[in-house]
Amino acid sequence: MRWSAAAPSNCCAIWSRAEPSRVSTPLASSPNGGAGNGPGRGLKIQFSEVEKRYGMRLALRGVSLEIAAGECVALVGHNGSGKTTLLKIAAQLTRPSRGKIAFQAGENPLSLEDVKSKVGMVGHHTLLYEELTAEENLIFFAKLFGLENPAETSRQALQPVGLSGRAADLVRTFSRGMRQRLSIARALLASPGLLLLDEAGTGLDPEGQHWLGATIQRLRDSGCTILMSTHGRNETQGAVTRAIRLEGGKITHDSGAGGDPKQILVMAAVRESGEEGEA
Amino acid sequence: MSTEAQTETANRAVISTPSILAVFLLLAAASYGALIWAPTESTMGLVQRIFYFHVSSAWTGFVSFILVFIGSVAYLRTRALKWDWLSVASAEVGVAFFTVVLVTGPIWAKPVWGIWWTWDARLTSSFLLWVLFVSYLVLRTLVEEPERRALVSAVFGIFAALDIPLVYFSIWWFRTQHPQPVIGDGGSLDARMGWVLLLCWAATLGVMTVLIRLRYRLEALRAEVDAYRMEASRNA
Amino acid sequence: MAQASACEHWVDNRSELLQETPQAEACATYAGRTGMKNLNFLAAAYIAIWLIFCGYVLSVARRMANLKDDIRRLKQDGK
Amino acid sequence: MTLARAAGVILSKELRTEFRSRELLGTTAVFVLIVIVLFSFTFNPTSSESRRFGPGLLWLAFLFAGSLMLQSSFLREQTNDTLAALRLAPIDPFSILAGKITANFLFLLLVEVILLPVFAVLYNVAILPVLAQLLLILALGTIGLAATGTVFSAVAAQARLRELLLPLLLLPVLAPVLIASTEATIAILRDPPELSLVWLTFLSCFDVVFLTAAWMVGEYLLEE
């Protein structure tokens, strides 16, 4: 109930599944949202022969992948199949042991430094400071991203995730779900052109998952490129335009840019429920 | 990776017999010079002959630690693990040479000053450098993953190497204010003593080169084992 | 013998440690006269040097042998 | 985003978190206090002896305190992987280190300033006439401690046995700082007081060398 009660009327769009006609709806009411929106907003990513070694373990074994601007790609696969590593490399948190990664905005190649301000990430961990309040966390990251008017931006970012009422509370006191929502708000703060989600749905209640799905869809419609790792069945999969299956650090299935992701997603869901059954 | 590691080891595997022979000849010449050819120092007597290998070991230890610095910087720049191998090999060999300095120092001090250890500037700095690079080696044992280990130890190696001149200056200034008997002063330096010292330095440098190459080879072998293990896990 | 103990005393008395003092010279000649006695110290030093390096080479050789064993075993497992 | 601004943002975050709980500062201050009291049993703290040995043990206590206190600097960032959050931001990686070095410098200096009067009273040393010079020595010594300590905290956070490892790495490297700042403090507490320029210059050199080194290697150190 906290969710909807706190959501202001101008954010209603995110509650209903966004229609294609809403393509240009600005991201919530973020003051920076307008600037980066539109078809030129999303980033194009290119992985070429990316390999990542952790000591003796090969997490990625030569992944080559091109993701066009505005695609919403779901990564599926078992734990340890390389999903998280791929996301970390896209976020430049990890440097590949071999191979390259390149970004483009429109036709222009972006330097790896410039990309950083255009990437939002929701990680396995919340990436939040427990000793700071929700608002302080967002203000801190808004400042680091060099956003104008960090206080106002943060306050507005708290609204759609339904945490306005808890803005002054320490993150330490938050439940798993609330943290996850704040974490998502943090990732969306700088209206990214590339959103990386590592199992962003975990810890959210069904309502929250539904909201996340709608948000992803709306972001996709506004041109943002999305790369997310996901479990088999998920509310967040409505917006997916392409699905990729990773196994043992290699791409085994790829529905392709224009293809239908359903089969891979369904297959993943089946496998997962199979695993659950065994477990 | 595996083939690369193999060729790498193959290239480095041979520590050629001629080079070892050359080092042994140098050592023999240096020992002859230090023990027989050089004149006996008048004030300290025979024990002063420790001086040649004591001092040249310290100089050679320095060279090894400079190699640690070079290897560490080069690793951070290139990310080629072979530079990390050079760093660890040099650090171990440098520690061995400073062990020699620390052991021969007291053996010299005892008959001359009547005490085993004097906190003179050179001995104290050597002790500190020894501790510094021993902690470098300890750090290496506490990080599992090769790339990670190479990275953190390169950072620490650079800091430790930068600390060397600071350690020397601080202890030197400190000791000028709190004088102690000086170990490592050759006494009245005859010209022949200078030559013998240089010869000893050449010989210890030769030993250093051989030892570093040996230790480097060990590290290359370790990488090879890792490569095999990785291949095995890939096939599994 | 008296000179020897004077020498030791002199060493303990750190404030006077400058080689130019007459006491230092006396000590130096003491050391010089007993020079041959120091042969055992010289020998000990050279033995210590050899022990350190031989010990080090042995330790490297042992580690190397272990690794070679590992490689042989891994190769066999691979086949 | 300039380096200074980003470092400032991180500094203010560090200060805010610390002053909210004051856990670290309080614990460290008590630790130094205990060490100072225990040291008094190791020799007879009459005034003349205190002037000779006091500064050394004071600095030794500060170095030990620093090597314990700086542990958490990077460990804290591991709780929710907030280090990754910092590295996601479009800022110079060194600004993360710079912010933390400054924060740690301020924390340590604060602890030192709090404990200085306690030390003066317990060991019967007159510090008031030379307070300004003493603070200069404290500051110069603490910059070196904070710079190397923060970098090594990032190193140790990536290894096993990290609690033991940080002092092991830090203390040998800091030996020159211990010598220089102890000698400078002894000189200033002497009668008549003397500001030893040699040691102050030396401390400044140490600080410059290691701040530069931190700047050069900072970006590698924070990699994952």
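Me: How do the axes of H5 of chain B and H8 of chain D cross?

Reply: The axes of helix H5 (residues 121-141) of chain B and helix H8 (residues 162-173) of chain D cross at roughly 155° and come within 9 Å. Axes are lines fitted to C-alpha atoms, for helices over the stretch in contact, and angles run from 0 to 180 degrees between N-to-C directions. Helices (H or I, at least four residues) and strands (E, at least two) are DSSP runs, numbered from the N terminus. This is a predicted model: local features need pLDDT of at least 70, side-chain atom pairs count only at pLDDT 80 or more, and totals for chains, interfaces and linings use all residues. Residues are numbered from 1 along each chain as its sequence is written, while chains are lettered from A and ligands numbered from 1 in the order in which they are written.

Me: Which residues of the two helices meet?

Reply: From H5(B), Leu128(B), Val131(B), Leu132(B), Ser135(B), Val138(B) and Leu139(B) meet Leu165(D), Leu168(D), Leu169(D), Pro172(D) and Val173(D) of H8(D). Contact requires C-beta atoms, placed from the backbone, within 7 Å. By class there are 10 nonpolar, one polar and no charged residues. Ala, Val, Leu, Ile, Met, Phe, Trp, Tyr, Cys and Pro count as nonpolar, Asp, Glu, Lys and Arg as charged, and the others, Gly among them, as polar.

Me: Switching to chain A: what is the strand order in the open sheet?

Reply: The order is E6-E7-E8-E3-E9-E10 in chain A, six strands with mixed pairing. Two strands pair if DSSP finds at least two bridges between them. Strand E6 (119-122) and strand E10 (250-254) of chain A are the edges, each pairing on one side only. From one strand to the next, the twist averages 20°.

Me: How many bridges join E3 to E9 there?

Reply: Four bridges join E3 (residues 72-76) and E9 (residues 242-247) of chain A, and the two run parallel. Leu75(A) has Ile244(A) as its bridge partner in E9(A).

Me: Which strands does H7 of chain A touch?

Reply: Helix H7 (residues 176-188) packs on the sheet and touches E6 and E7 of chain A, its direction making about 170° with that of E6(A).

Me: Last one: how many residues does each chain give to the contact of D with A?

Reply: Chain D gives 21 residues and chain A gives 24. On the chain D side, H1(D) gives the most, with seven residues.
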